[in-house]
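Please keep the sequence and the 3D view open while reading.

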Amino acid sequence: MRQLSAEELKRLYPPMTEEFSARMDRLIRGLPRKEGKPKMKKKMTVGLVLALMLLLITATALAASLGVFAQLANAHDPDDRLGDLDAVAALVQQTVTTDDGVTVTIDQAYYDGERIFISYQMTGDLVTVEKGHGNVEGAAWFNEEYGIAIDPDALGAQAVEAVQDGEEGDWVRLRTVSMHDGLYLQDGTYLDIIGGDERLLEDGALIGWKECEVPADRAAEVLSCKAVLFRGSALYQKHDGRLRASFERMDASTDMDAPFTVRKVTDVIRLTGKMETDVYTAQAECTLNGVDVKGSVTLRCPENWVTAWMDWDYVRDFDLIESWTLYSGDTRVSEGCNDLGVWGQGDTLRYEELLRHGGQTENLRLVPVYADSGEHGDEAIELKAE
Amino acid sequence: MDESAYVAFCESMMPGMYRMAYSILRSRHDAEDAVQQALLNAWKYRDRARAGAERAWMMRILINVSRDLNRKRRRSLPADSFPDVAAPPTDGDTGLYEAIDELPDILRTVFLLKYMEGMTEKEISAVLHVPQTSVKNRLFRARRALQDKLKEEVAL
């Protein structure tokens, strides 16, 4: 396995010349200054405070009664599948606890033969904080040149922000327990992650979900899987007015498995369809499960379509098929819930699509959406069960 | 951001901005133009930078400027007058460079922001205005495409 580092990647690109660097330095130091307007702070009324407290109490009570998928769902996003997943996923609630009291619960799981979705919760001391000042032995500093940006929602973010606002030389070391991005089969086969997210709750618990791909040759009716917890250490120090960081992953012997078993659901349907126009021929192959339609549309088209697609920017100036919208009859169901990508070679474009169906699974059609002219309903691909 | 903070911030960002512009425009001259224009645009709109998200904000400006330059260049110059493939590296692995350079722009940009510039998925999501799930997905596709091109597994 080849190990790539940021430094190796940076060496691939030429550095700025000293002349250019000096010219830019003069430029930014000589920019015209302008006065900023002072911003007024809005006062909060007692009524507004009470209303917010009531809202918080209600939301907390509601969250406690929902599955983890549903707690993470975004009701404002019509293509968010997490609410649907909450309804169809099997309850797993398999819990393991580490020696130092971190508890991981695999809450729900869903497996359609190609992908596994899980939701999970982690509680306990997910982060321990050590503070200090001055030299730190053995640190391998990362991104010293422009500093580290801190995600304000991340574990231990407040302690890192305190260092950022503190004195030169201040440091903080966060020792964390985290879950690997992907999942594993029990024999160690890695299931690469397609999507997912985590959220830190106010009580310090962390909830999350993952969507991982199962290699075709490892698909089975029942899969024994595991999520893997690992321990890491992140050191942040204020240096030259910026934050620098040094990351260390603890020895793999400190990893811990959170095993679970998941059974393939039975309501999975293979759908195919074709379309031929004067310009292209299209072939769609999809899988419909309890929450989404995932598959591909392969287009044989003029080569300048492929050239345009391979250039991310040029696509704006060229009216070609940019994506596909899912319809059930005349009802628009989804514009796509994830950006799986488009691949081009020669005279072929392959669009990989992931579309939420929201329970509308009759008379499904894929309607092409052109970059300039929008949807072309007359070029829809009718999807039929195999 | 006050004046001295803005100067320090720009100085710290420039090397990464230059690398990213070069990866899009594949020309030293154009990358320099893009960085200069991005710094000017950023100064003009510096009140819009959200505290804690300045790096993503600046990189977004840079990428937009680079994309605009790319479009203008394609409109104004004959197709064979600018490089489709950037000059090979002088100090790095040519095979790796070509494998990355051949990735579609949409994957290469995400890949380099994450693994070369050390941005978090949340930051990249802000840079490109796409959901974090899309960032994860593009990284997944980029890693897989790179492994196919290099014919070996890649750990990052």
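At roughly what angle do the axes of α5(B) and α7(B) cross, and within what distance do they come?

1. The axes of α5(B) and α7(B) cross at roughly 100° and come within 9 Å, where axes are lines fitted to C-alpha atoms, for helices over the stretch in contact, and angles run from 0 to 180 degrees between N-to-C directions. The two helices are therefore roughly perpendicular to each other, given that angles under 35 degrees count as roughly parallel, over 145 as roughly antiparallel, 65 to 115 as roughly perpendicular and the rest as oblique. On the α5(B) side the residues that meet α7(B) include I106(B), V110(B) and F111(B), and among their partners in α7(B) are V135(B), L139(B) and L146(B).

2. Before going further, please note that this is a predicted model, in which local features need pLDDT of at least 70 and side-chain atom pairs count only at pLDDT 80 or more, while totals for chains, interfaces and linings use all residues. Residues are numbered from 1 along each chain as its sequence is written, chains are lettered from A and ligands numbered from 1 in the order in which they are written, and side-chain values use heavy atoms, with hydrogens and water left out.

3. Chain B contains seven helices and one strand (DSSP runs, H or I over at least four residues for helices and E over at least two for strands, numbered from the N terminus), and along its sequence the order is α-α-α-α-α-α-α-β. Of the 156 residues in chain B, 58% are buried, where buried means under 20% relative accessible area, exposed over 50% and partly exposed in between, with a 1.4 Å probe and protein chains only.

4. Helix α5 (residues 105–115) of chain B has 10 of its 11 residues buried, so it is largely enclosed by the rest of the structure. Among the buried ones are D105(B), R108(B) and T109(B), as well as L112(B) and L113(B).

5. Helix α7 (residues 132–150) of chain B also packs against helix α4 (residues 94–101) of chain B, at an angle of about 135° and with the axes 9 Å apart, and the pair is therefore oblique. This contact (heavy atoms within 4.5 Å) is made by G95(B), L96(B), A99(B) and I100(B) of α4(B) with L146(B), K149(B) and L150(B) of α7(B).

6. In chain A, V177(A) belongs to strand β6 (residues 170–179) and is buried, at 6% relative accessibility. Apart from neighbours within four places in sequence, its contacts include V102(A), M122(A), L126(A) and F230(A). The C-alpha atoms of V177(A) and D255(A) are 9.3 Å apart, although 78 residues separate the two along the chain.

7. Two cysteines of chain A are buried, C286(A) at 3% relative accessibility and C301(A) at 6%. A search of the whole structure finds zero disulfides, a disulfide being a pair of cysteine sulfur atoms within 2.5 Å.

8. The mean pLDDT is 84 in chain A and 79 in chain B. In chain A, pLDDT stays under 50 over residues 34–44. For the complex, the predictor gives an ipTM of 0.86 and a pTM of 0.65.

Methods. pLDDT is the predictor's confidence in each residue, from 0 to 100.
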